[in-house]
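Please keep the model open in your viewer and follow the selections below in order. Each stop names what to select and then describes what is found there.

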Amino acid sequence: MTPLRSSTAPAGNNLTAAAPGHIASRAVGTALIWLPAACVLLPLLIVGWRSLGGAGTAWERVVQYRLWDYLGSTALLIFLVVMLAIAVGVTCAWLVSAYDFAGRRSLEWLLILPLGVPGFVAGAAYLDGFEQATPLFLWVREHVGLEAFLFSQRILPWFGTVLVLVVTLYPYVYLSCRASFAGRQADLIEAARMLGCSPVRAFFRIVLPLARPAIAAGAALVAMETANDYGVVTLFGINTLTPGVFRSWSEGSLVSAMRLALILLGLVMFVLVLERAQRGRRGYAGDTRERPLARRPVVGGKAALVWIVCGIPLLLGFVWPVFRFLRWGLAASNSADWSGYWGALFNSTWLSLLACAVVVATAFWLTAGRRAHRLPGGDSIQNMASLGYAIPSALLAVGIGALVSDLSRVGGLAWLALSASATGLVFAYWVRFMAVGIQPVAAGQAGVAHDLHAAARTLGHTASRALFRVDLRLLMPALTGAAMLCFVDVFKELTLTLVMRPFDFETLATLTFRLTSEGRIPEASVPALVLVAGGMIGVAALNRLMRSPR
Amino acid sequence: MNTLLEVRGVSKRFPRAERAALDKVSFDVEEGELLTLVGASGSGKTSLLRILAGLETADEGEVRLGSVLVTRGRAILRPPERRHMGFVFQNHALFPHLKVGENVAFGLGQGPSGRPPRRQRVSDLLDMVGLGELAGRYPHELSGGERQRIALVRALAPNPRLLLMDEPFSSLDQSLRLKLRDETRRLIKRQQATTILVTHDAEDALAVSDRIVVLREGVVQQVGTPAEIYRRPANRYIASSFGPCNFLSRADFADPTRLEACRSIEPPALSGEECWVRPEDLGLSSTDGPQSLTVGVVLQSLYHGESRMISLECPSPQGSSIELQVRLHGEERATRGDRFHVLPAGA
Amino acid sequence: MPAVIARGFGRVALALVSFLVFAGPAAADEVLNLYSHRHYGIDQEINALFTEQTGIEVKVVNADADQLIERLKSEGENSPADLLVTVDAGRLQIAKEQGLLQPLAADVLAAATPEGLRDPEGYWYPFTARARVIMVNKERVEPGAITSYENLAEERWRGKVAIRSSSSAYNQAWVASMVAANGVEATEEWAKAVVANFARPPQGGDRDQIRAVANGLADVCISNAYYLGTMINSTDAADREAASRVRVVFPNQENRGAFLNVSAAGLTRHAKNIDAARKYLEFLVSPEVQQMIAEGSYEYPISLDFEATPTFEAWGPFEYDTTSFPEIGDHLDDAIEIFDRAGWQ
């Protein structure tokens, strides 16, 4: 491989081009390599810069009356959701990895389904469910007392929010853990058993500690999704930082909104640093053979127990909300506003397609393209571009939104002003979801032999042609998977879309949310179900990308 | 000496396999001895070891530890964690998230008198293999040889009744292997640990074992001391597995009676016509003599450092020619094309 | 390299082309551009009728009033909007203060609307009235048990009050009117006591508060009257059933009257179609359209014709507040601050 890289000149016409042209195109290439990462930093810079400006009494009021409430609620919510998601995710992953029982293979992918249900859809179902449970609370008021009743009403929104977020987000931990458990741990568990550990103790002393990085990675994702959530917390009336940012913005104090967004960023960064720090010096990869866990068969009562335990999150996160929406949809089919639905579907689809095309093209460019053209940068470029995922949606929204409205003040291009909002939205999607494209493609690239690309070069292709004819084909599975994931993420996205969309522009997500928050849940059933169906595409993609080796 | 382990009629067949992995394997292990299971890959030896450990089930057969039945057919009557056996895996299986000291201490459980005795034992064990100062490192920070030694020490730490070792030296390079092999045997003997070692390397088996069990395609070929295996192999397969061997037919020699002078192998199932002679039991002379077996032309001379392996082509009275391997020690040289007389060594 | 650049440009070009779909509305001859926060089905019918009768095409851009105001500010002279339509007078006051509107002299409009409910300088004109009233559970609350907004602070309603979040523009305008009537300090005390009486932390919209009262979770709530109208006449049996368990109480009949907000429209500063705008506003207050509104969105006609529909008949006539209404815009900031201080989320 090395001789090919250094001594073989690409047999295209690059060498015959004048030297300045070659340098210029390399400069352009390098600039384009850094562009995505720079774009990710742009909203941060804007918000950081603008929030230094004067905010006046609005900010003081926010600090005095609202900030600690926001901060405390956000931190508490993240903590509760993460802890419970870990408990649920790890348990399900372990049951599915260590035991064999009837229907196990189905259960393995069924457990991912709740990921396809947007939080606010599940939230609407539960909100209605709580309303149905009102007689219970009335009973408490009658027979236990007013204070108990009031207490229950204060707890209920928290209970609902945590429940909804846990049952729709636990699949992140589940998938991460499942991959870890499916890895090379059989030898280690056997070694532990030979040293006197029962299987249960071996789980706690070996398997769980070794899965810690995976658990932490999944938990970090859950934490970020929770921090970014707007739909669920708004439905239940929990005041976290994300709705707080938008509230300050709509009250006219952009600077307050930006500062709150920065605080949210700080919180998210803190969580991510925690995740990194817990790794320490320990190793996590053994040099053992790829011998996966041998499953222990369970039958009868024990198998039923496994199904019950795993069935609970599946039921709560997927079956029940979908079932309720199906019933509503069937009941409300006559009062549906179909033209609105079609419009929203159209918008959701083309937005998602456009965003995912841009994201995947970027991912391909940053990974294979960079390597093919031998541009500098390495992994750090990919890492920086992936940072976009960690930036809170609220921050992206205020940052890019401010940029867009500033730009539209400049110059008299009215049409640009209106379409700039949509461009800003796709730009925000791009920044946020770049990581969703890069990670699978980079992982796919690691598996692709560079030799093949080099071979194409020696056969006379220019770097670009080799890129398209060889790397593109080889990376196609990873690219497809990334495209599907990205499509679905944008399809379901609410927070950014709600705030940054052009006027009169509804996506399925915003439409569903608006209808459910207006209490018109039955009318929301059709777009909600379409959203879930779209989510299933993402679930299928994830399952394919993360299929356990057995 | 007492019998520590009894293996009776253990058989196992993997699904969709053409033949059985293990076919009615039976042998005993005495207390304090180091027994080696030798066989090529696919001979079933690792499966057997794992069945003894309780990590896998057999289809039929019994395993008795002491006088306790621990495995009968598919039933694992006593799970691995209660068999009080040590197991050294082929790739060490050191816990990557624990330090070396913690790895070694893993099987020691909660000491009744608390920590200091445990720590002392750990450091004693580590000192025994010369790795005392590595207690605070993590496994991924060690070299291959160091990891192998830690794995051994970890398995020995709880004073197991039986130590099982699965190809412990196969991942090491030559010089390290030899060193570790000797060190391992010394350590085991010092701890007086009964050991079953699995390997595909005949040389390792001969070097360390008290007794050897030879397996081929799941069937026990022979059980015996290294000398017995080497000098009196039960069949051709065993003979050639443990070193080069000349398989001679009396009809290839003008005077077959002279063969009696070789320290030849006398397999019991031999038909009168065959005679097996190890290369080191033959010698070369430039002159003919009364004990000369035949004469031959050197085909090839391979230098092995402490010896030389010469291949000669010798005419046979039957008309064809045979090839003989002769191992020479000393400084005698032989080049291709030389003519030599072949005679029993020491003659 | 060229391939790379071409690809980059291709991306941008694709984006631009896609967004031409969203290019601003082209100015044509007979067109009226509305920036509207209204989102009722009846509005589309009204606009269609207008086009039918006058031939003027009505183009509507829907968004929250706050966002519309932001947009007007950033568009400046290039804004295509002719009218800013809101569902709350407070927002129009803000728009007026920020110089986004211009006055329209229109006697027809002035005559059609009660004086206390429109902008005296003619920057905006209302066309519906939206009463923010108390609603009580019929079984649990006897008539006359609660008669004023101020009553909500009383001890007897501890754990029985349901009101939506303070982020709602309706609440902000309503409390602003209370500040105008009772002063900042008294309103702050009142707000703190009301918060202590909440049955649950604010959650959901007005409709959810009505449902809470219907279920018995709370005894009283504050809501815009037309929500109940919608529920009474809903196709959904559950909605109708819930509505039947709730009774409307028009508060403060002894003093200033029930709080009324309005849906109103103001002429934008840089409107291009002023004539069309005037015609539209006059159209909106015509009896025919007012009837459509009363029957379509259950808002009160701006003429406050109580017998207009059976629903209004059932609720009966009421006195409404015109004294504090004009000062809403002045006290919106006070209201927001009071909410913060009272812990009204």
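Select domain 1 and domain 2 of chain C, whose C-alpha centres lie 27 Å apart; domain 1 comprises 26–129 + 261–304 and domain 2 comprises 130–259 + 319–342, with bounds that come from an automatic or database domain assignment. This is a predicted model, in which local features need pLDDT of at least 70 and side-chain atom pairs count only at pLDDT 80 or more, while totals for chains, interfaces and linings use all residues. Residues are numbered from 1 along each chain as its sequence is written, and chains are lettered from A and ligands numbered from 1 in the order in which they are written.

Next, bring up the contact between these two domains, which takes 20 residues from domain 1 of chain C and 18 residues from domain 2 of chain C; two residues are in contact if their C-beta atoms, placed from the backbone, lie within 7 Å. On the side of domain 1 that touches domain 2, at least two residues each are supplied by helix H4 (89–97), strand S5 (124–137) and strand S9 (259–268) of chain C, where helices (H or I, at least four residues) and strands (E, at least two) are DSSP runs numbered from the N terminus. H4(C) gives the largest share of that side, six residues. Coloured by class, the residues of this side of domain 1 of chain C divide into nine nonpolar, seven polar and four charged; Ala, Val, Leu, Ile, Met, Phe, Trp, Tyr, Cys and Pro count as nonpolar, Asp, Glu, Lys and Arg as charged, and the others, Gly among them, as polar.

Staying in chain C, select helix H8 (residues 206–215), of whose ten residues nine are buried, a residue being buried if 20 or more other C-beta atoms, placed from the backbone, lie within 10 Å of its own. Among the buried residues of H8(C) are Asp206(C), Arg207(C), Ile210(C) and Val213(C).

Now show the whole of chain C, which has 14 helices and ten strands and whose C-alpha trace spans about 75 × 55 × 45 Å along its principal axes. Of its 345 residues, 50% are buried.

Turn to chain B, which has eight helices and 18 strands, and where buried residues make up 40% of 347. Select its open sheet of six strands, which has the order S7-S8-S9-S3-S10-S11 with mixed pairing; two strands pair if DSSP finds at least two bridges between them. At the edges, strand S7 (85–88) and strand S11 (219–224) of chain B each pair on one side only.

Zoom in on S7(B) and strand S8 (residues 162–166) of chain B, which run parallel and are joined by four bridges; here Gly86(B) stands opposite Leu163(B).

Finally, select strand S16 (residues 308–315) and strand S17 (residues 321–328) of chain B, which pair in the antiparallel sense over eight bridges. Leu312(B) has Leu324(B) as its bridge partner in S17(B). The two strands, S16(B) and S17(B), form a hairpin with five residues between them, and Gly319(B) in the turn has a positive phi of about 115 degrees.

Definitions and conventions
A residue is buried if 20 or more other C-beta atoms lie within 10 Å of its own, exposed if 12 or fewer, and partly exposed in between; C-beta atoms are placed from the backbone.
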